[in-house]
Amino acid sequence: MAFAVKQEITDRSSAAKTANPAPIDISSDSESSSNSVDSSDIEGDLETTAFIESITCKSRTERNSDEAPQAKKPKRGGETALGFPEPVDVTAAVPLTTARVLPDSTCVTQKIGRNSNNLNENQVCPVVKGCKQFWKAGDYEGDKENDSKSAFSSVGMDHARIHPKFLHSNATSHKWALGAFAELLDNSLDEVCNGATYVNIDMLRNKKDGNLMLVVEDNGGGMTPEKMRQCMSLGYSAKSKMANTIGQYGNGFKTSTMRLGADVIVFSRCQGINGTSPTQTIGLLSYTFLRTTGKEDIVVPMIDYEKSGRGWNKMMRASPDDWTRNFETIVQWSPYSSEEDLLQQFKLFRGHGTRIVIYNLWEDDEGHLELDFDTDPHDIQIRRVKRDEKSIQMSRKYPNSRHFLTYRHSLRSYASILYLRLPSQFRMILRGEDIKHHNIVNDMMMTKVVTYKPVNLPEGMPKDSNMVAKVTLGFVKDARSHIDIQGFNVYHKNRLIKPFWRVWNAAGSDGRGVIGVLEANFVEPAHDKQGFERTNVLQRLEQRLIGMQKDFWSKNCQSVGYAPRRRTSDFLERDSPLSDKEKSPTNQNGHVGFKIKTRGDGGIYGIQVLGSLRLNPDGGGGGGKTEGM
């Protein structure tokens with residue numbers, strides 16, 4: 001993803017003639033452009049900039065007032081809304097000039113002055129109104145009139161533009177909010193190789209508006225300024241070629257954070273190569289900022305610091321003015337009011353790590369937060385319609401089935417089974433209490449291990465002769481209560497992809513109580529890591545798991561109180577094609593064209609006709625063709 005810096009500004013005289021000034025590219029690489037403007041000249045005329053900014057916001061509102069539906073009134077006044085049918089009028093003393101952060105090869109250091117670059121006390125923060133439901137937040141039209149004028153090039157080469165609306169549509173891959181948490185936990189677990197010993201998920205209070213926020217932090221290696229920019233980019237991933245990491249698509253951070261809330265600010269400290277060049281980076285990805293200001297490109301303001309002696313100096317990637325504009329945008333649209341507040345977040349680190357703060361959390365249709373922080377002070381749960389109260393009550397009565405009954409709405413329950421193996425030195429902490437790792441095998445009885453070896457692997461998959469899946473299956477310890485619990489927990493590279501995958505949908509009670517666990521590294525997970533790509537390899541695995549469950553059930557169901565069923569071969573003969581031996585004219589029972597089906601006690605309960613057989617009881621030449629019985 002290319003980064004650049006863009007500012008909308010024009011002459012006061014020309015602003016009087018038009019309400020839609022053309023954007024001007026002020027990136028450091030565009031000095032030869034006829035539209036380029038020295039950043040010092042821009043800073044020298046704040047009054048002109050503020051005047052034009054107010055005109056731009058006003059004209060944009062007027063243009064969209066007839067097109068967009070009227071926004072719902074917020075239930076709590078004065079909050080920053082997360083979803084808007086139209087941009088609204090915003091009055092801001094500091095112009096929002098940063099459009100992209102451009103990595104520059106030259107860096108200049110500048111000492112940090114006390115309380116430097118803090119916003120003026122009289123600065124007005126925007127008050128935004130609109131709906132806050134995640135599934136409605138994509139109704140964002142942007143500034144259509146200026147759309148064609150705002151395209152710009154980087155280093156003389158056109159590049160693809162990414163509209164802010166993509167942030168929302170990209171995040172809809174997570175239909176389940178707890179799946180978004182899993183992406184963030186994956187990133188922290190991947191940092192074990194860089195020294196991470198914990199990941200902490202907690203709740204914070206926004207000092208600006210009093211609303212709740214999420215924080216996810218770990219003490220991993222942190223991110224350099226370059227890695228932070230890659231993290232904020234779309235589709236970039238250095239993990240896809242690493243054997244012991246879970247991430248591979250370079251999209252999890254964006255989809256997960258935008259699924260949980262409209263805005264995220266990231267603090268990361270990295271010690272650099274051999275600890276010789278420590279850096280601190282702050283990045284803001286704000287859907288609220290992009291929508292409210294009517295941006296047509298994804299704007300990611302970032303600021304960097306580097307260690308100098310005992311203090312930290314600013315890193316100038318382009319110019320001091322660019323650093324200041326990035327800083328002012330971050331302070332205006334983040335939960336933090338000054339540079340001192342921002343730097344205070346780094347004091348919470350012990351050497352290095354990353355701290356992610358997600359705010360403006362999504363709400364449901366009734367105006368309540370989608371996430372429930374109140375029911376359990378040590379858990380984060382899904383609220384209301386996503387909860388099954390009957391399952392919650394059953395989980396108290398059947399403790400060995402608790403994870404099956406609660407993982408859909410409880411982050412603590414889901415996270416405890418999220419990984420097949422967890423490093424002994426790594427802790428997952430949720431709201432001040434450790435998450436206890438749990439292996440579903442411990443909930444089983446009468447266990448059996450079956451080895452499955454895939455065949456005809458897809459192209460690109462390594463041809464490893466040792467690539468097998470060991471399937472452990474058995475009855476859940478509560479199976480004698482005949483509750484409808486069944487399915488396989490399928491992991492990929494240690495990560496749970498399909499929780500309690502129900503492969504056999506039999507009529508009646510067949511299959512109940514049978515659960516299983518396996519790690520299938522030969523099938524590819526979908527981008528949201530909540531399912532697998534539907535391939536022939538997956539279909540063959542599914543059919544084999546069905547056969548395993550039928551075999552185990554038919555042989556052992558009477559041990560948990562069910563009536564004895566027919567032998568496993570009867571299930572398989574009904575659902576599987578005949579073998580070459582079964583199709584032969586003469587089978588093992590000596591009957592030409594027939595297969596006799598017998599019960600366990602030796603009695604005959606049916607005859608199957610194989611192929612064609614001419615029946616002529618009188619010895620004549622007549623007869624008929626029988627397909628089967």
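## Where α5 meets α7

A177, A180, F181, E183, L184 and N187 of helix α5 contact G252, F253, S256, T257, R259 and L260 of helix α7. Contact means heavy atoms within 4.5 Å. The residues of this contact are six nonpolar, four polar and two charged. Ala, Val, Leu, Ile, Met, Phe, Trp, Tyr, Cys and Pro count as nonpolar; Asp, Glu, Lys and Arg as charged; the others, Gly among them, as polar.

## Basis of the model

This is a predicted model: local features need pLDDT of at least 70, side-chain atom pairs count only at pLDDT 80 or more, and totals for chains, interfaces and linings use all residues. Residues are numbered from 1 along each chain as its sequence is written, and side-chain values use heavy atoms, with hydrogens and water left out.

## Helix geometry

Helix α5 covers residues 177-190, and helix α7 covers residues 252-260. They pack at an angle of about 140 degrees, with axes 8 Å apart. Axes are lines fitted to C-alpha atoms, for helices over the stretch in contact, and angles run from 0 to 180 degrees between N-to-C directions. Helices (H or I, at least four residues) and strands (E, at least two) are DSSP runs, numbered from the N terminus.

## E183

E183 sits in helix α5. E183 is buried, at 2% relative accessible area. Buried means under 20%, exposed over 50%, partly exposed in between (1.4 Å probe, protein chains only). Beyond neighbours within four places in sequence, E183 contacts H174, G252, S256, R495, H527, D528 and K529.

## M446

M446 belongs to strand β15, residues 444-452. M446 is partly exposed, at 32% relative accessible area. The C-alpha atoms of M446 and K477 are 9.0 Å apart.
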